[in-house]
Amino acid sequence: MKSHKKVIILGTGGTIAGLEPPSGELLEYKAAQVDVASLLQGVAMPHGIEVLSEQVAQIDSKNMNAEVWRGLIGRVLRWQKQADIAGIVITHGTDTIEETAFLLACIQSSSKPIVLTCAMLPANAPQADGPQNLADAIVWACDASNQGVSVVCAGQIHEAWRIQKIYTDRLDAFDSGAHGVWGVIQNGQVVLKRNISKISFEFQIPSAQFVVQTSNWPRVWLIPNHSGSEDLQVLAWLEYAQSHAINIDGIVLAGTGNGTANDALERALNHAQTLGIKVWRSSRCYQGVQRKQKADAFTSAGYWSPYKARIALILDLLYQLESASKARALI
Ligand code: SIN
């Protein structure tokens, strides 16, 4: 009997589902126009693989938010439970794909792979890259050696932990830094370049169910340090939050070098901490780990980029909420 594998494709929008105007002006294209079932019609389907599809969202990924993430995670959990599904592919915009991939990787507890894919050119562009990326993602989602969360683009497989968008205008827009790509896909064949990374978290992870069920995710904002950063940038937030009765639960510093803030910004962030706001520090630098220091005022986000560190802090805060609600249930 021929082997037969089933993959579910979850559509969320992005340039892969985008359309350029009839004039062919590429820069005037609109993301998130074509439904995922129609996208699949343009894909040379790998042999022996059956695909199902579901539209989970239809957005430009610059608009990604907690509500869409909760919906997406809910569908991922649902399809991972279905015994005959080998893997999950998610079509997504390139702009925040690394954030969604990181979030899914943190809460993933199933061995069924999640493969995100995307495109740099809209679906009706003459050289559209989406169909090939989608075909590659489907092959990789069925591969027995794949048990993680990854992004497939331009024939490269990037681990969710490592990927970062580094080009605005190249089909191979992503990089995995010093670790390099997890693998490549050439003519429908997967070639792995290394083993999957072993990650030890220095933050807590709530259950995926709690993440889906909780509508009021902690509010975590990102602040950069740069030449001329002012304490006012943080103090204005604090004043606004107080006068509008909103909570800021966490701040991630996108710091210079080893995750540093200038003296004024550091004082303002210390003040925020005294108000009960968690402050973590990450680095603007593209590569490298932030070293811990003896007199660290803020928790170091280790090797996570500011954008991934923000998600890590949200998860850590959600974990605390989940623990508190479990403790209340025991009383
Ligand atoms: C988006 O991220 O949704 C738009 C840009 C892209 O997919 O390349």
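**View 1. Strands S11 and S12 run side by side.** S11 and S12 (residues 250-255) form a parallel pair with five bridges between them; strands count as paired if DSSP finds at least two bridges between them. Strands here are DSSP runs of E with at least two residues, helices are runs of H or I with at least four residues, and both are numbered from the N terminus. Across the pair, Ile223 sits opposite Leu253 in S12. The model is predicted: local features need pLDDT of at least 70, side-chain atom pairs count only at pLDDT 80 or more, and totals for chains, interfaces and linings use all residues. Residues are numbered from 1 along each chain as its sequence is written, and side-chain values use heavy atoms, with hydrogens and water left out.

**View 2. The open sheet has four strands.** Their order is S11-S12-S13-S14, with parallel pairing. S11 (220-224) and S14 (299-300) each have a single partner strand, so one side of each lacks a neighbour in the sheet.

**View 3. Helices H6 and H7 meet.** The axes of H6 and H7, which are lines fitted to C-alpha atoms over the stretch in contact, come within 8 Å and cross at roughly 25°. H6 is therefore roughly parallel to H7, a label for angles under 35 degrees. Contact, meaning heavy atoms within 4.5 Å, involves Val234, Leu235 and Leu238 of H6 together with Leu265, Ala268, Leu269, His271 and Ala272 of H7.

Methods
Axes fitted to C-alpha atoms, helices over the stretch in contact; angles between N-to-C directions. Parallel < 35°, antiparallel > 145°, perpendicular 65-115°, else oblique.
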